[in-house]
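Here is a short report for a first look at this structure. Keep the sequence and the 3D view at hand while reading.

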Amino acid sequence: MKKTGAVLFADGTVPGGELFKPMLPFGDSTVIRHMAGILKEAGADPVVVVTGDREKELREHFFRTGVMFVKNERFQKKQIMDSLRAGMEALRGSCSRIILLSADFPAVLPETVRQILAVDGALVRMTCKGRNGYPVMLDRETAERLCSFEDAGGIWETAEKSGIPVTNLETEDEGIFRGMDTREEYLDLLNWNYGRGQGYPLRAAVRVQMMAAEPFYGPGVQELLGWIGQTGSLQEACGRMGLSYSKGSKMVRRLERQLGFAVVERRAGGSGGGGSRLTERGRSLLKKYGDMAAEVQASADLIFQKYFGDGI
């Protein structure tokens, strides 16, 4: 088999910037380690990860794995040809073929990667049900030719303009085109991948509780206070959670006994109607607990990757 290197594009973020797609849970690790593992197992060597502004984080995530890194200095333009040029520079002519994968498409099956590696062609792309996707494979001459076009658009547009022949390789793997541009698409992808028997991603699940003599504040009470704050009604908050009013009232009273101060202010009915609202201390408790729980979960995610980043 011809020596084949791999270029793995990993500079995308979920819109809003709150999640870095390559580090999202997938399989028994993360998107990026899962995909790099598939490439290496199929025989691609070396594997080059093209990064954007999160290069340091990715390097630490792949510590001592033999994966190479190169930063695409033009990552903000989000042009695939810039990423390809960066990857080619890192490979420096060491391979006769290059296979391309994007961290936006982590559900590609290992057998699909092996399938494309078994085919020779100047430019080979996977197709499924009339749709094109990843992985893509190029011989070195074709890759260098594509990279030489300064005003290039996408791979297929540039290939068409330059007359490069394209070999279509049919597969039944819908993972080649199922991407994740939004958080909702990521969750949909996980459910779809689970439905075809590929498992659900593993992660550490942490339940944060506060306690005095005994635990008295956790996710359940946090949710109840959150609904009170949104609805202005303890009764409505209980209804949103499927709790009886008496149980919700008991939770609030128990919380206030443990803290020694009121977190919910109750207003009696009348011409303006009754209701409940959080006190200033109640609002402070709600926010600080939420921030603390998020920070604890983030730390747990890092520890999980330390012990299970390579899988179980």
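## A loop residue and its surface patch

Val206 sits in a loop. That loop lies between helix H7 (183-195) and strand S10 (210-211). The model is a predicted one. Val206 has a relative accessibility of 36%, so this residue counts as partly exposed. The cut-offs behind that label are 20% and 50%, with partly exposed in between.

Together with Met292 and Val296, Val206 forms a nonpolar patch. The accessible area of the three together is about 190 Å².

## Two crossing helices

Two packed helices are described by the angle between their axes and the distance between the axes. Take helix H8 (residues 219-231) and helix H9 (residues 234-241): their axes come within 8 Å. They cross at roughly 130 degrees. H8 and H9 are therefore oblique to each other. Their crossing is right-handed.

Is Cys238 buried or exposed? Cys238 belongs to helix H9. Its relative accessibility is 1%, so Cys238 counts as buried; the limit for buried is under 20%. Cys238 and Trp227 are separated by 11 residues in sequence. In space, their C-alpha atoms are 8.1 Å apart.

Glu144 is part of helix H5 (residues 140-147). With a relative accessible area of 43%, Glu144 is partly exposed.

How many residues apart in sequence are Glu144 and Met88? The two are 56 residues apart along the chain. From C-alpha to C-alpha, Glu144 and Met88 are 7.8 Å apart in space.

Key:
Residues are numbered from 1 along each chain as its sequence is written. This is a predicted model: local features need pLDDT of at least 70, side-chain atom pairs count only at pLDDT 80 or more; totals for chains, interfaces and linings use all residues. Side-chain values use heavy atoms; hydrogens and water are left out. Patches are made of residues with over 30% relative accessible area and no salt bridge: like charges are joined within 9 Å, nonpolar side chains (Val, Leu, Ile, Met, Phe, Trp, Tyr) within 5 Å. Accessible areas come from the Shrake-Rupley method with a 1.4 Å probe; for residues, only the protein chains shown count as cover. A salt bridge is a side-chain nitrogen of Lys or Arg within 4 Å of a carboxyl oxygen of Asp or Glu. Helices (H or I, at least four residues) and strands (E, at least two) are DSSP runs, numbered from the N terminus. Buried means under 20% relative accessible area, exposed over 50%, partly exposed in between (1.4 Å probe, protein chains only). Axes are lines fitted to C-alpha atoms, for helices over the stretch in contact, and angles run from 0 to 180 degrees between N-to-C directions. Angles under 35 degrees count as roughly parallel, over 145 as roughly antiparallel, 65 to 115 as roughly perpendicular and the rest as oblique. A crossing is left-handed if the near helix is turned anticlockwise from the far one by less than a right angle, and right-handed if clockwise.
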